[in-house]
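Subject: Model for you to look at

Hi,

Here's the structure I promised to pass along. Have a look at it first, and my notes on what turned up follow below.

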Amino acid sequence: MSDEDVLEILLARAREEWVGLSTVAAVAEAKVGKDATFAETTSALLSVVGALIDHGAVPGDLVGECPGFVPWQGPKGQALARLACEIRVLGEIPSTAELCWIHDPSA
């Protein structure tokens, strides 16, 4: 399956619901391989999130009641820098409910 096919699958899912970072991380890990360093996997994860943003998806937080998705404000670079910083502080690749969710509000 090509990178574009995988991206389209993620985007379709992001239009239907919120996508957790563990799903994005699995895509990133498939790109760099299981023996990749934390830095390589983080870079790949940020690349996938960047591509999702380029196609209309946004990172954000789930808070309170439905719909409960609050997109992060600011341009792509700011969102990626925030995510990179939060991953660095976490010290590991995030699980689904950690740091943020990805959603395509155009759905």
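**The nonpolar core**

The largest nonpolar core has 26 residues, and those with the most contacts inside it are Leu 21, Val 24, Leu 45, Val 49, Leu 52, Leu 83 and Ile 102. At least two core residues come from each of helix H1 (3-16), helix H2 (21-32), H3 and H4. H3 gives the most, with seven residues. By nonpolar core I mean a set of buried Ala, Val, Leu, Ile, Met, Phe, Trp, Tyr and Cys residues joined through side-chain atoms within 4.5 Å. Buried is under 20% relative accessible area, exposed is over 50%, and partly exposed is in between (1.4 Å probe, protein chains only). Helices (H or I, at least four residues) and strands (E, at least two) are DSSP runs, numbered from the N terminus.

Before you dig in: this is a predicted model, where local features need pLDDT of at least 70 and side-chain atom pairs count only at pLDDT 80 or more, while totals for chains, interfaces and linings use all residues. Residues are numbered from 1 along each chain as its sequence is written, and side-chain values use heavy atoms, with hydrogens and water left out.

**How the helices pack on H3**

Let's take H4 to begin with. Helix H3 (residues 38-54) and helix H4 (residues 76-90) pack at an angle of about 150 degrees, with their axes 10 Å apart. The axes are lines fitted to C-alpha atoms, for helices over the stretch in contact, and angles run from 0 to 180 degrees between N-to-C directions. H3 and H4 are therefore roughly antiparallel to each other; the cut-offs are under 35 degrees for roughly parallel, over 145 for roughly antiparallel, 65 to 115 for roughly perpendicular, and oblique for the rest. Their crossing is right-handed, the label used if the near helix is turned clockwise from the far one by less than a right angle, with anticlockwise being left-handed.

On the H3 side, Phe 38, Thr 42, Leu 45, Leu 46, Val 49, Gly 50, Ile 53 and Asp 54 meet Lys 76, Ala 79, Leu 80, Leu 83, Ala 84 and Ile 87 of H4. Those contact residues split into ten nonpolar, two polar and two charged. Contact here means heavy atoms within 4.5 Å. For the classes, Ala, Val, Leu, Ile, Met, Phe, Trp, Tyr, Cys and Pro count as nonpolar, Asp, Glu, Lys and Arg as charged, and the others, Gly among them, as polar.

Now H2. H2 and H3 pack at about 115 degrees, with axes 8 Å apart, and H2 passes H3 in a right-handed crossing. H2 contributes Leu 21, Val 24, Ala 25, Val 27, Ala 28, Glu 29, Lys 31 and Val 32, against Glu 40, Thr 41, Ala 44, Leu 45, Ser 47, Val 48, Val 49 and Leu 52 of H3. The contact residues of this pair divide into eleven nonpolar, two polar and three charged.

Then H1. The axes of H1 and H3 come within 10 Å and cross at roughly 65 degrees, again right-handed. Leu 7, Leu 10 and Leu 11 of H1 meet Val 48, Ala 51 and Leu 52 of H3, which makes six nonpolar residues, no polar and no charged.

- Leu 21: leaving aside neighbours within four places in sequence, Leu 21 is in contact with Leu 45, Val 49, Leu 83, Pro 94, Ser 95, Thr 96, Glu 98, Leu 99, Cys 100 and Ile 102.
- Leu 83: this H4 residue is buried, with a relative accessible area of 1%. With neighbours within four places left out, Leu 83 is in contact with Leu 21, Leu 45, Leu 46, Val 49, Trp 72, Leu 99 and Cys 100.
- Thr 41: in H3, and buried at 6% relative accessibility. Not counting residues up to four places away, Thr 41 touches Ala 28, Glu 29, Val 32, Ala 36 and Ile 93.
- Thr 42: also in H3, and buried at 11%. Beyond four places in sequence, Thr 42 is in contact with Ile 87 and Ile 93.
- Gly 77: in H4, and partly exposed at 47%.
- Leu 99: in the loop between H4 and strand E4 (101-103), and partly exposed at 21%. Leu 99 has a positive phi of about 75 degrees although it is not a glycine.

Cheers
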